[in-house]
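Thanks for asking for a second pair of eyes on this one. Please have the structure open while you go through the points below.

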Amino acid sequence: MRALLHGLPWVAAVGAYFAFPEFLPLLSGIAIAALFALSLDILVGYAGVVTLGHAAFFGLGAYTAGILAQQGWGEPISGLLLAMGAAALLGAVTAPLVLRAGDLAGLMVTLGISLMLYEAANKAAFVTGGADGLQGVEVWPVLGIWRFDLWGRTAYLYSLAVLFLLFLLAMLIVRSPFGLSLRGIRGNARRAAALGVPVKRRLAAAYAIAAAYAGAAGALLAQTTQFASLDALSFQRSAEGLLMLVLGGLGSLYGALLGATAFTLAHHALSEASPQFWQFWFGVALVVVALAGRGGLVGLGRRLLRR
Amino acid sequence: MTHLTLTRRGLGAVALALGAPSVARAQSGVFRIGLILPMTGPFASTGRQIEAAVRAYLRQHGESFGGRRVEILLRDDTGTQPDVTRRLAQELVVRERVKALAGFGLTPLALAAAPIATEAKVPMVVMAAATSIIPSRSPFILRTSFTLPQATKPMAQWAARNGIRSAVTMVTDYAPGLDAEKAFKEQFTADGGQVTAELRTPLRNPDYAPFLQRVRDAAPQGLFIFVPSGEGAAVMKQFAERGLAQAGVRPIGTGDVLDDDILNDMGDPVLGMVTAHHYSAAHDSAENRAFLEAFRGIAPNARPNFMAAGGYDGVHLIAEMLKRTGGSDDGEKLVAAAKGLSWTSPRGPVTIEADTRDIRQDMYIRRAERRDGQIWNIEFDTIAQVRPNI
């Protein structure tokens with residue numbers, strides 16, 4: 001029964017491929033957003049490290065994969081892995097800075113790092129294309145068989161497959177002793193330290209893992225749209241990721257998936273229905289959900305079921 | 001159970017939000033045009049102007065051309081997210097079956113969508129973005145706005161002939177800005193002038209004050225300015241506050257700076273400023289009067305600017321393509337029909353060049369003057385039929 005429940009979102013996601021063949025670009029957008037929200041969930045929801053600059057890793061992943069493909073190495077899977085590696089490296093390097101500063105100051109450090117990266121990408125126009133975006137990205141077919149088509153079939157299935165594998169891995173991570181120790185640290189860092197948990201090192205590892213996940217999401221965006229722009233590094237991207245996570249429910253991996261799906265669909269439907277004033281309605285919807293459902297959509301669902 | 005209910009609800013929401021699919025689209029009478037514009041965000045004025053102009057054209061000329069009724073599908077790309085522009089273009093082509101794409105407020109947005117036009121083989125009418133290279137990015141791109149060298153070189157020529165020997169350029173740091181910077185320097189130095197400094201301001205959240213302070217310190221005779229439509233007010237306000245006019249710096253620029261949409265609110269500091277551009281709402285012709293009247297019918301409180309002119313001519317181009325092909329859906333035929341087309345636009349005589357698919361048009365040197373209590377760009381010199389890639 002439990003296994004069945006776990007399978008359902010994925011059956012639905014594959015079903016969506018057949019049910020909505022005309023919405024595949026949107027659906028791949030959802031898968032990518034979900035992966036980004038998942039990355040934030042590992043960091044914020046499980047490890048309890050708050051960040052406002054997660055787009056730094058997303059953008060680094062996007063530019064790594066994009067520049068590789070632009071410079072003649074368009075193999076998507078190795079590009080994805082390299083992007084994850086680059087993002088994880090940046091995460092590992094910056095983690096001590098973020099963790100050293102403590103909660104609020106750490107938040108500022110994350111923001112600062114993402115702003116620095118944004119401006120660096122803006123100025124390094126000879127590599128990144130600057131404000132005009134990265135032009136001429138050519139990604140090869142996945143596994144040498146499926147090329148990225150106009151309909152977005154390959155893009156969706158590829159994004160979904162990556163999301164699925166990384167979701168399984170995330171599930172293993174949060175259920176491992178390592179994952180449990182993260183929850184312990186979030187609950188009470190001092191007591192965890194007293195129990196002999198190497199707090200800083202565990203948090204740094206979580207930071208690097210989350211960075212790798214965000215890098216994967218960025219790489220997926222660059223590869224499926226064959227384009228990368230400064231927007232991938234923007235503060236708005238970080239903030240939207242947090243919104244998705246809060247909307248879905250912190251600290252439950254399905255919350256990240258749900259939040260990203262609901263957020264992207266609402267965004268899409270509202271901006272299509274009212275191209276000029278959609279942001280107003282979107283704000284209304286966010287406030288209502290935040291007030292009505294503490295614990296996000298997952299919390300809301302749980303309470304409804306209990307009744 | 002949680003996941004089950006919520007996933008189902010999610011799918012229901014998809015079906016609800018996205019409406020009934022393809023059934024309604026089967027009829028062949030309607031020709032759908034995907035109009036992608038920045039309707040929110042910092043460049044929303046561009047989107048509003050173009051949308052109003054497109055609607056004005058359709059109200060004025062009817063909605064059927066070559067036996068096809070055109071239908072406009074408007075989408076907002078927020079002006080700063082090229083990957084959104086690209087996704088919207090893809091969705092419009094794949095899901096909504098649009099047979100032409102149009103709009104494209106800024107260069108990065110147009111460049112991002114170009115591969116979609118190529119792959120889907122649909123005409124892509126660029127109504128705003130003005131970097132010279134854009135039409136070379138897809139054989140399906142046609143342009144009805146202008147190119148920056150087209151506006152910049154006449155400006156540089158005029159400056160060199162009218163007592164400006166040294167100049168500083170200040171442009172927004174993205175493709176069109178760099179285009180303008182290069183074109184100005186080429187022409188100005190060829191005419192014997194000297195560019196003493198080249199400043200670049202950021203595209204997003206710019207603060208012009210420190211740049212203008214540097215201009216004041218450099219004390220050139222002229223300051224050449226390019227900023228995207230809508231930004232001119234902020235620049236000219238700072239220009240006045242820093243006392244550059246008193247320091248003897250003459251501002252010149254492309255018409256983007258003295259955009260008709262905001263010109264009237266910019267006040268006295270801009271009076272006398274000379275700019276070069278392809279369209280002024282004060283242009284004296286029967287075509288322009290008809291355009292102004294149609295535009296007023298849609299947006300009673302706004303004055304059309306050069307973006308509106310690009311939108312108006314863009315939809316005219318699509319209408320002519322439909323008439324000439326008898327309402328074809330074939331992208332290649334439509335583009336072929338547009339090549340070499342000439343007409344008299346509200347801005348004056350224009351031609352879509354057959355080889356570049358770009359626009360050839362008259363350029364005007366204008367001076368900002370107060371007439372009947374309002375500020376207008378009054379044209380006082382014309383450079384006839386300037387090519388897009390001069």
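Here are my notes, as numbered points.

1. **Ground rules.** This is a predicted model, in which local features need pLDDT of at least 70 and side-chain atom pairs count only at pLDDT 80 or more, while totals for chains, interfaces and linings use all residues. Residues are numbered from 1 along each chain as its sequence is written, chains are lettered from A and ligands numbered from 1 in the order in which they are written, and side-chain values use heavy atoms, with hydrogens and water left out.

2. **Helix 3 of chain A.** Helices here are DSSP runs of H or I with at least four residues, strands are runs of E with at least two, and both are numbered from the N terminus. Helix 3 of chain A covers residues 55-70, and its end C-alpha atoms are 21 Å apart, which agrees with the 22 Å that 16 residues should span at 1.5 Å a residue. (The expected span is 1.5 Å times one less than the number of residues.) Because 13 of its 16 residues are buried, helix 3 of chain A is largely enclosed by the rest of the structure. Buried means under 20% relative accessible area, exposed means over 50%, and partly exposed is in between, with a 1.4 Å probe and protein chains only. Just after this helix, A:Gly72 has a positive phi of about 110°.

3. **Helices 7 and 10 of chain A.** Look at helix 7 (residues 153-175) and helix 10 (residues 199-225) of chain A: their axes come within 10 Å and cross at roughly 175°. The axes are lines fitted to C-alpha atoms, over the stretch in contact for helices, and angles run from 0 to 180 degrees between N-to-C directions. Helix 7 and helix 10 of chain A are therefore roughly antiparallel; angles over 145 degrees count as that, under 35 as roughly parallel, 65 to 115 as roughly perpendicular and the rest as oblique. Among the residues that meet are A:Tyr158, A:Val162 and A:Leu166 from helix 7 of chain A and A:Ile209, A:Tyr213 and A:Leu220 from helix 10 of chain A. Contact means heavy atoms within 4.5 Å. By class, this contact has 11 nonpolar, three polar and no charged residues. (Ala, Val, Leu, Ile, Met, Phe, Trp, Tyr, Cys and Pro count as nonpolar, Asp, Glu, Lys and Arg as charged, and the others, Gly among them, as polar.)

4. **Helices 11 and 14 of chain A.** The axes of helix 11 (residues 235-248) and helix 14 (residues 296-306) of chain A come within 3 Å and cross at roughly 5°. That makes helix 11 of chain A roughly parallel to helix 14 of chain A. A:Val246, A:Leu247 and A:Gly248 of helix 11 of chain A make the contact with A:Gly296, A:Leu297 and A:Val298 of helix 14 of chain A.

5. **Aromatic pairs.** A:Phe148 and A:Tyr158 form an edge-to-face pair, 5.7 Å centre to centre with 75° between the planes. Both A:Phe148 and A:Tyr158 are buried. In chain B, ring pairs link B:Tyr57, B:Phe65, B:Tyr279, B:Phe291, B:Phe295 and B:Tyr312 into a cluster.

6. **Helix 5 of chain B.** Helix 5 of chain B (residues 148-161) reaches 20 Å from its first C-alpha to its last, close to the 20 Å expected for 14 residues. This helix is mostly covered, with 12 of its 14 residues buried. Its buried residues include B:Lys153 and B:Trp158, and among the elements they pack against are helix 6 (175-190) and strand 9 (222-226) of chain B. Just after helix 5 of chain B, B:Gly163 takes a positive phi of about 85°.

7. **Two positive phi values to check.** Most residues other than glycine have a negative phi. B:Arg357 has a phi near 60° and lies in the loop between strand 13 (348-352) and strand 14 (359-371) of chain B. At 12% relative accessibility, B:Arg357 counts as buried. B:Asp372 has a phi near 55°, and its relative accessible area of 81% makes it exposed.

How values were computed: Phe/Tyr/Trp six-rings, centres within 6.5 Å; stacked < 30°, edge-to-face > 60°.
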